[in-house]
Amino acid sequence: MALFLLDHGAGNVQSLANSIKKLRYQFSWISSPEDFQRASVLIFPGQGAFHTAIECLTARGLLQPLLDFVNSGKPYFGICIGMQVLFASSAESPSVRGLGVIPCQINRFSDTDKAVPHMGWNTAECFDSPSDPQSMEGISTDSFYYFVHSYCVPYDPVQNPEAAQWTHSTTQYGNEVFVSTVRKGNVFGTQFHPEKSGVAGLTILDTWIRQSLIGRTPVTPIASRIPRLPKPKDGFTKRIIACMDVRANDQGDLVVTKGDQYDVREKVSSSSATVNAAGAVRNLGKPVALASKYYDAGADELCLLNITSFRNSPLCDQPMLAVVRAAAERVFVPLTIGGGIKDTVDPDGTKRPALEVASAYFRVGADKVSIGSEAVYAVEKLRTLGSGDGTSAIEAISKMYGRQAVVVSIDPKRVYVDPATYDGPYKAELIYGEDDEPMNGRRKAWWYQCTVSGGRELRPISAVELAKGAQALGAGEILLNSIDKDGTGAGFDLDLIRMVKNAVTIPVVASSGAGSTKHFVDVFKETNVESALAAGIFHRDEVDIQDVKVSVKAAGFNTRVI
């Protein structure tokens with residue numbers, strides 16, 4: 001029996017390969033239409049847009065051979081896009097036809113009661129055996145799995161009976177119940193990413209591959225499906241993210257560092273004066289080792305931000321690419337990569353568009369890319385033109401890979417004004433200091449101004465304006481920092497986070513200021529963000545990730561505790 005993987009050419013497929021290697025299975029890649037004849041078992045992983053997958057498969061002459069394989073009776077496992085292409089069409093690309101194996105359309109989630117994309121960990125409820133907590137495919141009702149998608153197949157046996165006949169498990173997000181896995185005969189598909197779902201996901205891959213390679217008898221589909229009405233609470237969890245700022249130290253080695261208000265150098269006393277001088281870059285560990293540590297500790301996601309920002313060229317920065325490649329081989333949760341995701345020019349004059357830079361990181365194992373300064377310039381341009389012109393990094397990457405692949409990192413700082421006299425453009429966004437506010441904000445008001453170049457340069461745009469513009473251009477998530485709170489350990493900037501969260505319908509990651517487990521509970525209670533990120537307190541072992549999760553769970557929120 002020969003196991004093959006299908007790479008449609010756009011997205012992170014390396015993570016699945018890493019998972020299968022960890023499970024010690026041998027596999028080959030589909031590289032031509034003829035390879036389908038050699039394959040006994042096929043897995044099609046995929047991230048990105050529906051139209052991208054179909055167009056890439058068609059251009060390479062692989063679409064019809066894929067359909068022939070699915071219809072052949074040989075075991076097929078489709079992951080995310082690999083599952084969605086089985087359907088007839090998608091609202092994401094109405095004019096593009098899928099394989100049509102399942103004669104139904106994929107619809108977009110409603111964002112009236114939740115953020116879209118559905119990005120994070122959720123549960124799956126199987127139809128196999130209500131008395132058995134684990135299905136034949138290894139899916140456990142007690143486990144969480146990682147989802148990242150804006151489009152889904154609604155589960156409705158009355159209105160959508162064809163899809164219901166294929167439904168193997170369902171998941172609830174907000175008030176919507178959708179198909180999270182399909183199963184009929186030789187075909188199995190998951191909307192979630194088992195290769196990014198930690199031990200629970202590896203169990204699914206191992207179970208399915210092992211049973212497929214020994215030629216197990218396909219599961220007989222259940223003849224009828226019962227409606228599943230929305231429950232009062234879905235299984236969606238609050239994510240805890242560990243972030244690593246990576247930069248070259250003075251010796252040229254990549255290290256994880258952390259600064260206060262973005263200053264990452266140690267303070268040393270000058271021998272000739274009493275003032276502090278800039279010392280060495282603060283070194284808190286090696287990025288791959290820390291990434292592995294946080295994965296083992298139960299982090300829901302990892303974020304690697306290259307704050308050196310590619311002095312020459314992103315694609316010439318092989319050490320950072322190597323870091324991402326090595327990290328992806330050791331961690332099986334989502335990886336976000338940031339720093340230098342923009343149009344650049346190599347030292348030899350070769351132009352490198354942002355899409356090419358992002359693609360290089362997806363190919364070595366990244367799941368999302370984070371865009372900072374370039375997003376500010378793009379939204380300033382959007383404000384001038386009135387609409388996007390398709391040239392920004394946000395637009396190019398989201399068009400190819402889907403908006404769920406694009407994170408916009410916002411770095412604002414407070415601008416204090418006299419509330420009695422200020423009549424500027426951001427009057428509606430003013431926050432008014434309380435009596436217990438630190439002295440610089442007491443009895444004052446302020447708005448949040450965005451910065452670029454690592455917080456060194458102010459731009460004439462507010463955090464709310466940037467978040468709205470980023471969403472309009474195609475971003476799928478906001479990473480919301482705070483220069484004023486960074487490194488203080490005094491807690492997240494709840495006013496900032498609440499205001500931005502209320503302004504957009506995409507997920508928001510709260511960042512900057514966490515100093516205790518209570519601060520994570522506070523940000524989830526006060527702002528309803530989907531996730532919270534920390535760096536220094538994890539690097540210095542001041543707070544344990546599992547302690548954070550235990551506190552969050554005790555406060556009544558769903559979270560993944562290992």
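This section describes the sheets, nonpolar core, cavities and selected backbone features of a predicted model.

An open sheet of eight strands is present, with the strand order β2-β1-β3-β4-β13-β12-β11-β8 and mixed pairing. Its edge strands are β2 (28–30) and β8, each of which pairs on one side only. Strand β8 comprises residues 125–126 and is joined to β11 by two bridges, the two strands running antiparallel. In this pairing Glu-125 stands opposite Thr-170 of β11, and Cys-126 stands opposite Ser-169 of β11. Strand β11 also pairs with β12 (residues 176–184), again in the antiparallel sense, over six bridges. Thr-171 has Phe-178 of β12 as its bridge partner. Strands β11 and β12 form a hairpin with two residues between them, and Gly-174 in the turn has a positive phi of about 60°. Seven of the seven residues of β11 (residues 167–173) are buried, so this strand is largely enclosed by the rest of the structure.

A further set of pairings involves strand β30 (residues 531–534). Strand β14 (residues 239–248) pairs with β30 in the parallel sense over four bridges, and Ile-241 has Leu-533 of β30 as its bridge partner. Strand β29 (residues 508–510) is likewise parallel to β30, to which it is joined by two bridges. Here Val-509 stands opposite Ser-531 of β30. Along β30, Ser-531 and Leu-533 point one way, whereas Ala-532 and Ala-534 point the other way; all are buried.

The largest nonpolar core contains 97 residues, among which Leu-302, Ile-397, Phe-520 and Phe-538 touch the most other members. Helix α10 (residues 354–364) makes the greatest contribution to this core, with seven residues. Because domain 1 (3–214) and domain 2 (239–266 + 277–554) both give residues to the core, it lies between them. Within α10, eight of the 11 residues are buried, so the helix is largely enclosed by the rest of the structure. The buried positions are Ala-354, Val-357, Ala-358, Ser-359, Ala-360, Tyr-361, Phe-362 and Val-364. The helix is followed by Gly-365, whose phi is positive, near 130°.

Four cavities of 30 Å³ or more are found in the structure. The largest cavity has a volume of about 90 Å³. Its lining is made up of Gly-11, Asn-12, Gln-47, Gly-48, Tyr-146, Val-148, Phe-362, Asp-367, Lys-368, Tyr-401, Gln-404 and Ala-405. By class, five of the lining residues are nonpolar, five are polar and two are charged. Domain 1 (3–214) and domain 2 (239–266 + 277–554) each supply at least three residues to the lining of the largest cavity. Phe-362 is one of the residues that line this cavity and is also among the buried residues of α10.

The peptide bond from Val-116 to Pro-117 is cis, with omega near 15°; Pro-117 lies in the loop between β6 (102–108) and β7 (118–122). Cys-80 has a positive phi of about 55° although it is not a glycine. This cysteine is located in the loop between β4 (76–79) and α5 (81–84). With a relative accessibility of 5%, Cys-80 counts as buried, because the cut-off for burial is 20%.

Ser-512, another residue that is not a glycine, has a positive phi of about 85°. It is found in the loop between β29 and α15 (517–527), and with a relative accessible area of 7% it is buried. Gly-491 is placed in the loop between β28 (477–480) and α14 (494–503). This glycine is buried as well, its relative accessible area being 3%. Gly-491 and Lys-518 are 27 residues apart in sequence, while their C-alpha atoms are 8.5 Å apart in space.

Notes. Residues numbered from 1 in each chain as written. Predicted model: local features only at pLDDT ≥ 70, side-chain atom pairs only at ≥ 80, totals over all residues. Heavy atoms only, no water. 1 Å grid on protein atoms, 1.4 Å probe; cavity = no way out; pocket = protein on both sides within 12 Å on 5 of 7 lines; lining within 4 Å. Points joined across faces, edges and corners; volume = space filled by probe spheres on them. Nonpolar A, V, L, I, M, F, W, Y, C, P; charged D, E, K, R; others polar. Domains from an automatic or database assignment. Buried < 20%, exposed > 50% of the residue type's maximum accessible area, 1.4 Å probe, protein only. Pairing = 2+ DSSP bridges. Core = buried A, V, L, I, M, F, W, Y, C linked by side-chain atoms within 4.5 Å.
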